[in-house]
Amino acid sequence: MNGTPADGGPQPLDSLLALLDLERIEQDIFRGVSRPAVVPRVFGGQVAAQALVAAGRTVPEERAAHSLHAYFLRPGDPGAPIVYEVDRIRDGRSFTTRRVVAIQHGQPIFHLSASFQAHEEGLEHQEPMPDAPDPETLPSAEELLPAHADKFPDPRVVDRLLEVRAAIDLRYVEDPPYLTAGVAREPRSQVWFRTRGKLADDPMLHVCLATYVSDMTLLDSVLLAHGRGGWAVGDVVGASLDHAMWFHRPLRADEWLLYDQESPSASGGRGLGTARIYTRDGRLAVSVIQEGLVRVPRTV
């Protein structure tokens, strides 16, 4: 995977690409570092993207990732390196399967299985892209977050959120959960996203960046259904439990992608989010499903 922007890129994007450029310490063992997150643990999208990078580096370039299935086992320590051990499960004529375990302090924190496929032609159909306004008409995070800093009990949250999203331009189609806390809404959310800068023509890089972003907002629809503002507001606590993605068609993470998300169910302290990622010209590129821990804090 080529981790260099095509045009040198802005500094935040350089930093994100460096985060995904794992150090190889043995043939199938890699080491990565973390970046600060809004919550005091490793961001789930980061460890999922890094694990996919590790798997991809043991697979022939002509085989593209077509699916991943992952479990978040323990909270990651952002101050410690993460070791990724890749197990070469299968190398078939059409498909390649890899299993990756992410380890910190001698314990597994994350487990991923990924499958890769050689290109072939086949039957074609897809769910149509839903209606959405042009991303350029929507407010950026830099416009939205500072204007509503009073929604967060900790004023430092805005700066942390802006830092985390400095490399990703992510724009909500409708108000995010923190703006409508206390009012239940339809359990559906849409965001447009792209990297803030052009990327090299490396398909695996674009898939890994989509994986990184996929964990940012997927459980928003769960929060909307119950009028909850989210982790940064403090009216829920939670974490990603498992995550699955299917990569249907090529995408570019440096061009606008529509992330259409909804929640069909929440129960037992868990919420389910399902989503589709479309290219701007209407091609269904990725399907995503995640279940997360979503708990209401106990009051004394």
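Reader: How many helices and strands does the protein have?

Author: The protein has 6 helices and 12 strands, where helices (H or I, at least four residues) and strands (E, at least two) are DSSP runs, numbered from the N terminus. This is a predicted model, in which local features need pLDDT of at least 70 and side-chain atom pairs count only at pLDDT 80 or more, whereas totals for chains, interfaces and linings use all residues. Residues are numbered from 1 along each chain as its sequence is written, and side-chain values use heavy atoms, with hydrogens and water left out.

Reader: What makes G76 buried or exposed?

Author: Buried means under 20% relative accessible area, exposed over 50%, and partly exposed in between (1.4 Å probe, protein chains only). G76 has a relative accessible area of 8%, so it is buried, although its place is in the loop between strand 3 (63-72) and strand 4 (82-91). By the burial criterion, 50% of the 300 residues of the protein count as buried.

Reader: Which residues does G76 touch, not counting residues up to four places away in sequence?

Author: With contact meaning heavy atoms within 4.5 Å, G76 touches R41, V42, Q104 and I109 when residues up to four places away in sequence are not counted. R41 is 35 residues from G76 along the chain, and their C-alpha atoms are separated by 5.3 Å.

Reader: Why is S67 called buried, and where is its place?

Author: The relative accessible area of S67 is 7%, and therefore S67 counts as buried; its place is in strand 3. Leaving out residues up to four places away in sequence, S67 touches S113, A114, S115, M245, W246 and F247.

Reader: What makes E174 and H105 exposed?

Author: E174 has a relative accessible area of 53%, so it is exposed, and its place is in the loop between strand 7 (168-172) and strand 8 (188-195). Leaving aside neighbours within four places in sequence, E174 is in contact with R185 and Q190. H105 counts as exposed because its relative accessibility is 64%, and its place is in the loop between strand 5 (95-104) and strand 6 (107-118). H105 also has a positive phi of about 50° although it is not a glycine.

Reader: Which residues have the most contacts inside the largest nonpolar core?

Author: A nonpolar core is a set of buried Ala, Val, Leu, Ile, Met, Phe, Trp, Tyr and Cys residues joined through side-chain atoms within 4.5 Å. The largest such core has 61 residues, and those with the most contacts inside it are V47, L52, Y84 and F110. A second, separate core of 11 residues includes L144, L145, L161 and Y178. In soluble globular proteins, nonpolar side chains tend to be buried together.
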